[in-house]
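Thank you all for coming.

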Amino acid sequence: MPLDAAGQAPPGRPQRLAAEFIGTALLVAGVVGSGIMGERLSDGNDAVALLGNTLATGALLAVLILIFGPVSGAQFNPVVSFALALRGEMSWRDVAYYLPMQIGGALCGTLLAHLMFDMPLVEASQHVRTGLGVWIGEITATLALLGTILACLRSHRNALPYAVGLVIMAGYWFTSSTSFANPAVTIARSLSDSFAGIRPADVPGFIAAQFVGAILAVWFFGWLWRSGAANESPSTQSLKQTSDQRGGR
């Protein structure tokens, strides 16, 4: 059995799937629960409610990645799994295993939040989130999230939990969609008629925008980091070689 860098056997599939399920459930419980709490305490001030929702989500997400990252990668998000598979960094078979865990965990997270706040287990949300501007906002949010993840996996792995938490916190405020950027979370939030909810009829548009953002992120950052040596002219390559030689003196 192969060992990891610490000399330990890597987690098996049951452990990885459990981590994805529990991690996604806690994430959604945090999103929905902090939305309910913020709405109840803000006395009708949506800005205050959104601020509370933002801080709780970003902080919890960073902690969950620290906890579950070494086990499953702490993806908690179908578009993250999809993007990694597109890049050849995850097998499509593993995506097929992760997807139901992420969606099932997200649904359980909504149920948990409702139980904690003495609400009906399932309530179809009436919160309208639709239109071109909102969809562009969700494309932007997903592109920002995937860009952050891919960049950190490339060169700043230790910063990934905090970077992901921060980009989601920023997205709550600078995007018109308030940065769902996650199909599993989007589905789960449609079952909560609370501050964090989304009308079920608006879910397909959000999910489509999220996958568009993921595809754009994979394409753009793949192009951005592609080696340009093959496209350089001989004179440019010669100048680089001369510079390297001088630097070595």
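Asp118 is exposed, since its relative accessible area is 73%, and a residue counts as exposed when that value is over 50%. In this predicted model, Asp118 sits in the loop that runs between helix 4 and helix 5, and its phi is near 55°, which is a positive value in a residue other than glycine.

Ala181 also has a phi near 55°, again a positive value in a residue other than glycine, and its place is in the loop between helix 6 and helix 7. Is Ala181 buried or exposed? With a relative accessibility of 1%, Ala181 counts as buried, because the cut-off for that word is under 20%.

Let me turn now to the largest pocket, which holds about 970 Å³ of space. Its lining is made up of 41 residues, and those closest to the centre of the pocket are Gly73, Ala74, Gln75, Leu153 and Leu160. Two or more lining residues come from each of helix 1 (13–41), helix 2 (46–72), helix 3 (78–86), helix 4 (92–116), helix 5 (132–155), helix 6 (160–174) and helix 7 (183–189).

Which helix gives the most to this lining? That is helix 2, which contributes 8 residues to the lining of the largest pocket.

Notes: Residues are numbered from 1 along each chain as its sequence is written. This is a predicted model: local features need pLDDT of at least 70, side-chain atom pairs count only at pLDDT 80 or more; totals for chains, interfaces and linings use all residues. Side-chain values use heavy atoms; hydrogens and water are left out. On a 1 Å grid over the protein atoms alone, a cavity is a set of points where a 1.4 Å probe fits but cannot get out, and a pocket is an open set with protein on both sides within 12 Å along at least five of seven lines; lining residues have an atom within 4 Å of a point. Grid points are joined across faces, edges and corners, and a volume is the space filled by probe spheres set on the points. Helices (H or I, at least four residues) and strands (E, at least two) are DSSP runs, numbered from the N terminus. Buried means under 20% relative accessible area, exposed over 50%, partly exposed in between (1.4 Å probe, protein chains only).
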